[in-house]
Amino acid sequence: MSCNHTADSAGQPVSPSGCSRRNFLVSVAGGLSIGFFLPDGGRMLEAATAPATEAQLNAWVRIGTDGKITLLFGGCEMGQGSMSGLSQILAEELMVDWNQLTIRPADADAKISYTTGGSSAVSRRYLPLRTAAATARELLVAAAMLTTGDTARGNYSAKSGVITRKDPVTGALQSWNYGSLALQAATPQAQALLPAVIPLTPPDQFRLIGKPLARPDIPPKTNGSALYGIDVFLPGMVFAVIKHCPTIGGTLALTPATPSGAIAVVPCFTPADRGAIAKNSFNAVAVVADNTWKAKKIAQGLKVQWALPASTASVDSASLVTLAKQLLETGQPIVAEPASAAPDPATLKTVLGSSAKSLEATFTVPHLAHATMEVLNCSVRPTHTAGVLTGLEIWAPTQSAMSVVATANVVAPSLTPAQITVHTTFLGGGLGRKIEQDYISQAVQIAVAVGRPVKLTWMREEDFGHDQYRPMAVIRVRAGLNATGGITAWWYRNVSPSILQQRGRAGLDSQAIEGSVRLPYTRAMSLTEWVPLPSGIPVGFWRSVGASINAFAVESMIDMLAIAAGRDPFVFRASLVSDPRYLDLLAAADAASSWRKTLPSNRAWGMAVAESFGTLVCEVIEISAPTAGAVVIHRVAAVVDCGTVINPDSVEAQIQGAIIHGLTAALWGEMKFVNGVASQGNFNRYRMMRLNETPTITVKVMTSANPPTGIGEPGVPPSAPALANAYSRLKKTRVTSLPLFPGTSMSGL
Amino acid sequence: MYTLNVNGVTYQANVTDAETPLLWVLRDVLGLTGTKYGCGIEVCGACTVLIDGQVEHSCVFDVSSAVGKKIVTIEGLSATNSHPVQKAWIQCQVPQCGYCQSGMIMATEGARRAGHHGNEILPELKNVCVCGTYERIRRAVKTL
Ligand code: FES
Ligand code: FES
């Protein structure tokens, strides 16, 4: 298995031609190419039955006459291992060995590219990809049948890229490499021999799915050859940095003259409405020079006149918390659950009032930055014919290549989409930030203005200061218990800015309520509401989004109820749950954390469980607090149910990483706005966990025959409440506000 | 113009400002992009290189001070991943997004050159990995 994603390779899209049949498309282009439909929206079942049109197909498997087997990959690899996971699935059903396959990133192509998000890259593509690969395999068998005239499928087998026929009478063996059958396999005659139902490999015969195979993207990441967006280096390239109006919502009053040493100063507009930032407003200037450092230095010294917004109250953390608390009482809530016959507040109040015990807590979480290790950047090469712009070639670390085409087309409307080529590079972390288009649009604007290849790099201070942040939230939970520890009533009200409303969608924001609905806990009566918080701070998707917010409030309250009921948190949860998946997970987590029963008195443990993207995760955390204002996290035991496991090694890595991500945010993560300006500009004021602070993390993966579910994000949501529950136990006061230690700094190296 | 010895190769770097950090000379002038930018203020370690065998953070190391010294970047370990640290990293499947790993590997190699082995290397690794690969870095370092 190899991976063409290094500095000297760029994917070439395969141009499809041929006939449409079932839900795939075959074309002859130097061999057998099978295009098929990998659903983007969790529509797996539809995919299996829908007749395909060319426009729906979005992945290609290619078997060249040279025997090369290639998967054109339409997503992005940002560390989550989906490139590798998809290859494993393909190789399994195609009956090739792991080292016989190459995965190649596709250039942006409506037929191949998809947006990477929602932990869906592998889970949504599991069955369609298996079916497509199995179809390719059966076409190769059909090609062999055409060669021999024997159409009895039982006489053929496929293994390691070779089709073999065993003569039923003589036992003689005949074999063909896939490459030698590729042209024949692409013919209508071969297709006519396909079985009505394409047989899939039974799970107990899997050779590759479920195995901890080595990821092909790792070797280039250990010798400097992996090509991230920031590494694109073109002949004659110039280098740009961006300087935004420091006040969110401010605009450029006057474009400054180009200072000496600079190649250009380019005013830049923003491509979409985001809070106080209005679409198409010029909110930044780019400085272009012959190296990034020079551009940065010039930008630092550049005096720019900005027109500041009349009010910055909506871009101020303290004001927003005050407003959110008001809206908790006076805002107009939208019911998130139940879908019908929601209990009215008066009834809830009565039930809470007459319960054996009644609890209430208000939880607050802050805005968070993405802080991807690789800052935002984008490279663009414009081409001209007779002085007229006739093409754009774009290299971007992007989670959404097709959006890049559209963004560039807005900047350069004289071009057709076909004149815009987008190469998706490796991403040095995406975390949801690299779905956005602001940095892409800016790079294209600069390239069009200067007329030569350019790389735009956001300095870290701009990356922190002009993010599209994980929303803050203020959440009030009221819950009652009866004498036997059952929940009599549950009233959950979340006030938070809406990611989707900032993107023009009205009504209930599914992202805001994620993790607060469809809870596994039995409650005699429950109401879950959301109140949108008008806010000028640009908000966006952040690893697990709403689930990272709501799990903190839900699982903290469940812990409080367990304490009030005098029950162990495991026992209490199990008493409220009937779903066997949850019960099995809890039992496994109980067993995996038996150490918690013998902790010394200066240590405490806490646990939380959450479901997101179809995956259940339970985390149990052991801590101590040797000094005031600090906590040591000794260990984390995590148990995961993510359905069928494609690569257990990747599951472990993702859960470990997500736990560190979630704990880092819970301990220190906070982006504070004062008067319209972001306060944290670099890692020294936005602390990240280091190796010496990292707990031991064990990950147990449940065995399951269910289809695979998401793995990139689900480790995040339980980590903050598990930590808060441990800390509350240790300190004997309830944590209701994150981060635990606001305003901490990170020391230099 | 500065004459630099990087990975045993002599380069003429066309920069005028003596204070230009080595990081940007490597990346933007010489095209050696394996060394990464993360913070620019010596907090994250993504830009770690070895200069005369010592761990240095190239985002705050002036190009003029690098003249006459032996600079080793990630590209200088082994293009074929035959270096022991690279092998350990692949064996333990350390990288996720991979962006911090050039710096992690160079910091590890710096610690080895300073005479540390196995777990003794761990306290030297203060670099930031946002993906949280630390558990696997511990596994990899044990073998070195
Ligand atoms: S870029 Fe040099 S330490 Fe972060
Ligand atoms: S592997 Fe992504 S930051 Fe370390």
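## Where the two chains meet

How much area do chain A and chain B bury between them, and what share of it lies on carbon and sulfur atoms? In this predicted model, the two chains bury about 4700 Å² between them, with 58% of that on carbon and sulfur atoms. Three residues of chain A deserve a look here: M373(A), L691(A) and L749(A) supply 19% of the area that chain A buries against chain B, more than any other three residues. In terms of contacts, 59 residues of chain A touch 56 residues of chain B.

## Charges and polar contacts across the interface

Seven salt bridges are counted between chain A and chain B. To find one of them, look for K297(A) and D17(B), whose closest N and O atoms are 3.0 Å apart.

Which elements of chain A give two or more residues to the side that touches chain B? They are α6 (292–301), α11 (460–465), α17 (648–668) and β30 (696–701). The most comes from α17(A), which gives eight residues. Sorted by class, this side of chain A has 28 nonpolar, 18 polar and 13 charged residues.

## A four-stranded sheet in chain A

Strand β30 of chain A also belongs to an open sheet of four strands, in the order β25-β26-β27-β30, with mixed pairing. Both β25 (603–612) and β30 of chain A have a single partner strand, so each stands at an edge with one side left without a neighbour in the sheet. From one strand to the next, the twist averages 15°.

Inside this sheet, β26 (residues 615–624) and β27 (residues 632–641) of chain A run antiparallel and are joined by nine bridges. One pair to look for is L616(A) with its bridge partner D641(A) in β27(A). Helix α16 (residues 580–592) of chain A packs on the sheet and touches β25, β26, β27 and β30 of chain A. The direction of α16(A) makes about 145° with that of β27(A).

## A hairpin and a parallel neighbour

Chain A also has a hairpin, made by β18(A) and β19(A) with two residues between them. In its turn, A386(A) has a positive phi of about 50°. Seven bridges join the antiparallel strands β18 (residues 377–385) and β19 (residues 388–396) of chain A, and H384(A) stands opposite L389(A) in β19(A).

Does β19(A) run parallel or antiparallel to β20 (residues 420–424) of chain A? These two strands run parallel, joined by five bridges. Here W395(A) has H423(A) in β20(A) as its bridge partner.

Conventions. Residues numbered from 1 in each chain as written. Chains lettered and ligands numbered in written order. Predicted model: local features only at pLDDT ≥ 70, side-chain atom pairs only at ≥ 80, totals over all residues. Heavy atoms only, no water. Contact = heavy atoms within 4.5 Å. Buried area = accessible area lost by both parts, 1.4 Å probe. Salt bridge = Lys/Arg side-chain N within 4 Å of Asp/Glu carboxyl O. Nonpolar A, V, L, I, M, F, W, Y, C, P; charged D, E, K, R; others polar. Pairing = 2+ DSSP bridges. Axes fitted to C-alpha atoms, helices over the stretch in contact; angles between N-to-C directions.
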